[in-house]
Amino acid sequence: MTNAIGCTEMAAMLRGAAAEIRANHELLGKLDSVGGDGDHGTTMLRAMANLEKAVDAASGNDLKSLLYDVGWAILGVDGGATGPLLGMFFMGMSEAVEGCDTLDASALAAAFEAGVAGVRAQTKAQPGDKTMVDALVPAVMAAGCTAESGGDLLSVLRDAAAAAAAGAAATKDMQARFGRARNIKELSIGTPDAGATSVSFIFAGFLKGMDTNA
Amino acid sequence: MAMKKLLNKPENLVQEMLEGFVLANPGKVALEGANLVVRVAPKSKDKVALVTLGGSGHEPALSGFVGEGMLDISVPGEIFAAPGPPRVVEALRAANRDAGVLFIVLNHAGDVMSANLAMGMAKKEGINVKQVLTHEDISGGPRSNPEERRGLAGALPVIKVAGAAAEQGRSLDECLAVAERMEANMATLALAVSGATHPSTGDVIADIPEGMMVVGMGQHGEAGGGTQPLKSADETAEIMLAALLDDLQAKAGDEFLVMLNGVGSTTLMELYLVLRRVGQLLEAKGMKMARTLVGEILTVQEMGGFQMCIGRLDDELKALWDAPCNSPALTVK
């Protein structure tokens, strides 16, 4: 485990996220079919294929453009709200890493925070509304706390992944107030949100990409 | 309900559908760039261009309304899913002109996000684009809370009147004004009697119990409110029209466009029964069914049901509705 994230490490994290989504896409589709139209798994597969293409095509050692290209590629997925939201996460991260060759624990936590700001500029969804925000916000808060208390990169990723997973699991008991699932009102209670679950897989993948023992 | 559709590979579905759609409408529409649906005979550059975006699987909407007196460019997305901002920006660039671009967006989360991101980027490039958001589905919430209201088949009258205004050479602000006036005077309610399957995933969308119907269904048959035993055509017309007139605070003397949009498997025969009753009810209230449109406008695969959309017309909106147009799914001579 390195103590700085450059382009090589970021690429590994991104590929880790893609692998994790690919391994779980059927579950994502099933979760979405409860309140949505069941296409979240295939949408995420397309998003991750675009992500990998952008990572493959990236050259040089520019973290900002790597994350920008990944964000733009995901925006290009014709998948309803998922593309813009997830795309803006990486676009937000990209803006935050301007001028950085590598990221330490605090810089990574700050980049995650900027990513979530990018998402939240696109939606009025608040924590508790049963959306991907419910996984993103705790993940970013955990990353920030761990970095602030002097945790290393791996601890930041581990705590973010754990918080994202807990956040996604907690959406099970929530009633959807955003997205298509909103329309089934209380019937949305009992199934975790597909978008939040995707986010938890992405953070799990970030960790696995960096730490093959994870 | 097992899926029974004639398909090839799901991942090629939208592409193959678009290729067939263009072949079915030679001389009218073509594919350009990143699968943008455009007019074969473009409107002259001194007139306002109309652009829209939306998921596929709702044919003929929305690309079926690209044509003279209607849309200039439609950006079709994946099945039931909005296109991403990069293709939408490309469409706005392709439509760019001094006269400006009117961007018609149906209120669905994905469409709105994509549209707003694309608008922001286009404006940074100096493209003169203004947006009208359609949200006439009264089942989403009260008129005072438009964000909760989805855009359904009522996008068509907005496209029609704004498209006619643009064709006549009116300014962007004038086109926007008629579009907004049409939108503000419109109300739609969706009825579902049977569900459909998602053509890519095979998932059942909206499982309507036997003998039941649902008033207030969204475009994809998301479950929600209004489940009741199946009623007759007359009774159904009464329930739906009453809610729509109430929402519009209609009064005697009002003139309406009545549009019945079959969403897939409901027959024209049934829609004619409903329209007949709507005409009777309006007449009894001293209102006028000034214009009608019955058919498939915005479908949801093989779903059974229809959307009733009524729009209050004034003389100008009537004239724009009557103006000539020539698109794959609507032609006025």
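Me: Why does B:Gln249 count as exposed?

Reply: In this predicted model, B:Gln249 has 9 C-beta neighbours inside 10 Å. A residue is exposed if that number is 12 or fewer, so B:Gln249 counts as exposed. This residue lies in the loop between α6 and β12 of chain B.

Me: Why does B:Asn35 count as partly exposed?

Reply: B:Asn35 has 19 C-beta neighbours inside 10 Å. The place of B:Asn35 is in the loop between β1 (29-32) and β2 (36-39) of chain B.

Me: What makes the phi of B:Asn35 and that of B:Gln249 worth a remark?

Reply: Most residues other than glycine have a negative phi. B:Asn35 is not a glycine, yet its phi is positive, about 55°. B:Gln249, which is not a glycine either, has a positive phi of about 50°.

Me: Which peptide bonds are cis, and what omega values go with them?

Reply: Most peptide bonds are trans. The bond from B:Glu59 to B:Pro60 is cis, with omega near 10°, and the bond from B:Ala61 to B:Leu62 is cis, with omega near -15°. B:Pro60 is placed in the loop between β3 (49-56) and β4 of chain B, and B:Leu62 is also in the loop between β3 and β4 of chain B.

Me: What makes up the contact between the two domains of chain B?

Reply: The C-alpha centres of domain 1 and domain 2 of chain B lie 23 Å apart. Their contact takes 23 residues from domain 1 and 30 residues from domain 2. On the side of domain 1 that touches domain 2, α4 (155-167) and α5 (172-184) of chain B each supply at least two residues. That side of domain 1 has twelve nonpolar, five polar and six charged residues.

Me: Why are β11 and β13 of chain B said to stand at the edges?

Reply: Six strands of chain B form an open sheet in the order β11-β10-β7-β14-β12-β13, with mixed pairing. β11 (227-229) and β13 (288-295) each have a single partner strand, so one side of each is left without a neighbour in the sheet. On average, neighbouring strands of this sheet are turned by 20° against each other, direction ignored.

Me: How do you know that β12 and β14 of chain B pair?

Reply: Two strands pair if at least two bridges are found between them. Strand β12 (residues 255-262) and strand β14 (residues 304-312) of chain B share seven bridges, in the antiparallel sense. B:Gly262 stands opposite B:Phe306 in β14(B).

Me: How many residues does each chain give to the contact between chain A and chain B?

Reply: Chain B gives 25 residues and chain A gives 24 residues. On the side of chain B that touches chain A, the largest share, five residues, comes from α3(B). The residues of that side divide into twelve nonpolar, ten polar and three charged.

Key: Residues numbered from 1 in each chain as written. Chains lettered and ligands numbered in written order. Predicted model: local features only at pLDDT ≥ 70, side-chain atom pairs only at ≥ 80, totals over all residues. Helix = DSSP H or I, 4+ residues; strand = E, 2+ residues; numbered from the N terminus. Axes fitted to C-alpha atoms, helices over the stretch in contact; angles between N-to-C directions. Domains from an automatic or database assignment. Contact = placed C-beta atoms within 7 Å. Nonpolar A, V, L, I, M, F, W, Y, C, P; charged D, E, K, R; others polar. Buried ≥ 20, exposed ≤ 12 C-beta atoms within 10 Å, placed from the backbone.
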